[in-house]
Amino acid sequence: MNNAQFISKRKRNSVIYQPIIYFIGLMFIAGIVPLKTSAQTADSANLLQEESTLTIKGSSTLHDWDVEASEYSVIWQIPENWFATAGNWRDEDIEQLEVSVSVNSLDGGRNKMNRDLREALNAEKYEEIRFSWRTFAFREIRDSTATADISGVVEISGNSRDVDFHSEITLSEERRIAAEGVVELDMEEFGIEPPRALLGMIRTDPEVELHFKLQFESASN
């Protein structure tokens with residue numbers, strides 16, 4: 001084959017393949033043909049609420065107290081492969097972490113205490129306590145357990161404050177992920193006056209702790 005024939009063949013091939021390449025490119029852009037990437041698509045993990053607890057603990061000049069939330073939601077978008085092995089856990093895989101707690105569901109076991117708490121939190125106007133994440137970073141991952149440093153924003157009674165805390169993350173043999181930790185809060189920083197009783201003789205400390213023990217399973221279950 002001489003040079004002229006070779007060049008002519010290349011031109012013919014270009015004419016034939018160029019529309020095909022252009023068409024395939026359009027398919028990729030339209031999402032008809034998926035591009036392979038190393039990142040995993042995140043999905044919302046299912047919260048097993050019956051096996052989870054969310055409790056606020058505090059103290060007063062009379063005794064310690066605690067209230068438990070019975071209505072709350074957690075949106076945690078993580079990849080499916082997190083439930084296979086902790087070796088798949090990556091900070092950058094998390095796409096969302098949001099928590100909402102119904103103030104009216106907080107129950108301390110005593111009617112007056114519940115009323116005082118809801119009044120202090122202005123439950124009629126602000127029905128939920130909310131948390132929205134900003135950063136999530138794993139420390140060293142060992143076997144099926146790791147500690148995560150978490151930061152975000154808590155909103156209570158219409159006031160927002162930055163918070164930092166850590167959580168122990170564990171993967172069980174049943175392929176469930178548990179998250180456990182404590183968030184320290186100061187009610188006065190949210191403009192909340194701690195409840196008082198008996199003409200102020202009994203005072204509630206402004207510092208409280210939000211204890212969480214959450215169980216999740218794969219969204220595909």
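Which residue of β10 stands opposite A148? In this predicted model, in which residues are numbered from 1 along each chain as its sequence is written, it is S167. Local features need pLDDT of at least 70, side-chain atom pairs count only at pLDDT 80 or more, totals for chains, interfaces and linings use all residues, and side-chain values use heavy atoms, with hydrogens and water left out.

Strands β9 (residues 145-156) and β10 (residues 159-171) are antiparallel partners joined over 12 bridges; strands are DSSP runs of E with at least two residues, numbered from the N terminus, and two of them pair if DSSP finds at least two bridges between them. The hairpin has 2 residues between its strands, and S157 takes a positive phi near 55°.

Helix α2 (residues 111-120; helices are DSSP runs of H or I with at least four residues) buries M113, N114, L117 and A120. Seen down the axis of α2, these residues fall within an arc of 130°, so they line one face of the helix; the arc is that of the directions from the helix axis to the C-beta atoms. The face turned away from the buried side carries the exposed residues N111, R115 and E119. Buried means under 20% relative accessible area, exposed over 50%, and partly exposed in between (1.4 Å probe, protein chains only). After α2 comes N122, with a positive phi near 55°.
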